[in-house]
Amino acid sequence: MWLFFVNNYHFDFYRTSGYNSPMSTPARIVVFDTTLRDGEQAPGFSMDVPAKLAVARALDTLGVDILEAGFPIASPADAEAVRQIAGEIKRPVIAALARTRRQDIEEAARSLEPAERSRIHTFLATSDLHLQAKLRMTREECLASAIDAVKLARQFTDDVEFSAEDATRSDREFLCRVIESVIRAGCTTVNLPDTVGYATPDEHRDFFAEIIARVPNADKAIFSAHCHNDLGLAVANSLAAIQGGVRQVECSVNGIGERAGNASLEELVMALRVRSDRLPYDTGINSPALFAASQLLSEVTSEPVQANKAIVGRNSFAHEAGIHQDGVLKDVRTYEIMRPEDVGQSVSSRLVLGRHSGRHAVQSRCEALGFTLSHEEVDQIYRAVISLGEHRKAIADNDLRRIVERVRTPATANGGAPMPQPEAVGYGHGV
Ligand SMILES: [Zn+2]
């Protein structure tokens, strides 16, 4: 509908503006999606098998590299969901979670049998706090259990991931010993979670850089970050981890996950894409499918996406303030750093008419609806929109049509009362 926006913006705006020198080919980052495991285990986000299958299809469309489908030992329904996803979804690697116990790993392997390509993801805490308070295990027992689990998992698949739970609060020396040992035992991906979302970005970058430098066989495995969002830093920490040498990020659609959630897939992907000048990395994600995946997840879990959520929130490309609307109508780059269609959002919902709107936006919307208006009509319609906006959040197209019709009916246009001249642009916040 709002055709005047099309092709007015490109990702490489900054580059073509001469801000940056040409980049070499960006390094490929593996996207490990845990929407159906870490996300699904959060309160209010549990899904039945058909819902999980629907989300798995959306994740496939999205182009995730690894799809963690569940934790099969947790329940028969979990195991069944993994089995059905492994049977139907063939492009991504299908992963299943398992503790280091034999029965967990065997159940994961059984559930993954129909998969074209499968990964067993086994995990064990390595911090003294978790070992002593939760697992009642010594460090030596932890090390032996991790090695045995990886060796057992390798009997079922040659793609094995080991996660050192609470890695960021683990003794560095011991953590390095565990990592070296599991890689020697056949682990191909080493995931070091910031389980409690405690890290800061610079600390997290240094954490990975130090570990990769210290572990002698680090080059035999891909390092992975799994950041939680307790301080709202999950995406920032994941990006910092990439700068520290990580080549896999674990994330979820809408950032769902335990407590405050995981790193948000859509934010990570778009940060890498929009700021490729500072972050020379890319993913295989089909970004125009982001919004649909987000909406589907919200629908099947009955959990709304917050309006101002980056990338997929309904306000992330919406403008109501008159000064902003005027800027966007003249050149979208004034207030947008990416195009809505690049993440699958609708261009037509961009300008929201309400009490902060400007005359320019009201006129444009009327024209898009097929009305050719005189200067006086625009003034009257603008005033009516502002007035109606006092009573409701947004003015829909049908509201606007009614206003235009009323204004064009002489007897009821304005009752003959003199009207002040409206601001040409409108108000709202400028910064
Ligand atoms: Zn987690």
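The model is predicted: local features need pLDDT of at least 70, side-chain atom pairs count only at pLDDT 80 or more, and totals for chains, interfaces and linings use all residues.

Show the strands (DSSP runs of E, at least two residues, numbered from the N terminus). Eight of them form a closed barrel in the order 2-3-4-5-6-7-8-9, with parallel pairing. Two strands count as paired if DSSP finds at least two bridges between them. Neighbouring strands of this sheet are turned by 25° against each other on average, direction ignored. Angles run from 0 to 180 degrees between N-to-C directions, and axes are lines fitted to C-alpha atoms, for helices over the stretch in contact.

**Strands 5 and 6.** Select residues 118-125, strand 5, and residues 160-165, strand 6; six bridges pair them in the parallel sense. Alanine 125 has glutamate 165 in strand 6 as its bridge partner.

**Strand 7.** Next, from strand 6, follow the chain through helix 8 (residues 172-184) to strand 7; this β-α-β crossover is right-handed. That is, with the strands pointing away from the viewer, the path from the first strand over the helix to the second runs clockwise. Helices are DSSP runs of H or I, at least four residues. Strands 6 and 7 run parallel and are joined by three bridges, and serine 163 stands opposite asparagine 191 in strand 7.

Which residues point each way from strand 7? Thr189, Asn191 and Pro193 point one way, Val190, Leu192 and Asp194 the other, and all are buried (20 or more other C-beta atoms, placed from the backbone, within 10 Å of the residue's own).

**Strand 8.** Strand 7 pairs with strand 8 in the parallel sense over six bridges. Leucine 192 has alanine 225 in strand 8 as its bridge partner.

**Helices 10 and 11.** Select residues 234-243, helix 10, which lies across strand 7 (189-194), strand 8 (222-227) and strand 9 (248-251) and runs at about 165° to strand 8. Last, colour the contact: Val235, Ser238 and Leu239 of helix 10 and Glu267, Leu268 and Ala271 of helix 11 (contact means C-beta atoms, placed from the backbone, within 7 Å).

Terms used. Residues numbered from 1 in each chain as written. Contact = placed C-beta atoms within 7 Å. Buried ≥ 20, exposed ≤ 12 C-beta atoms within 10 Å, placed from the backbone.
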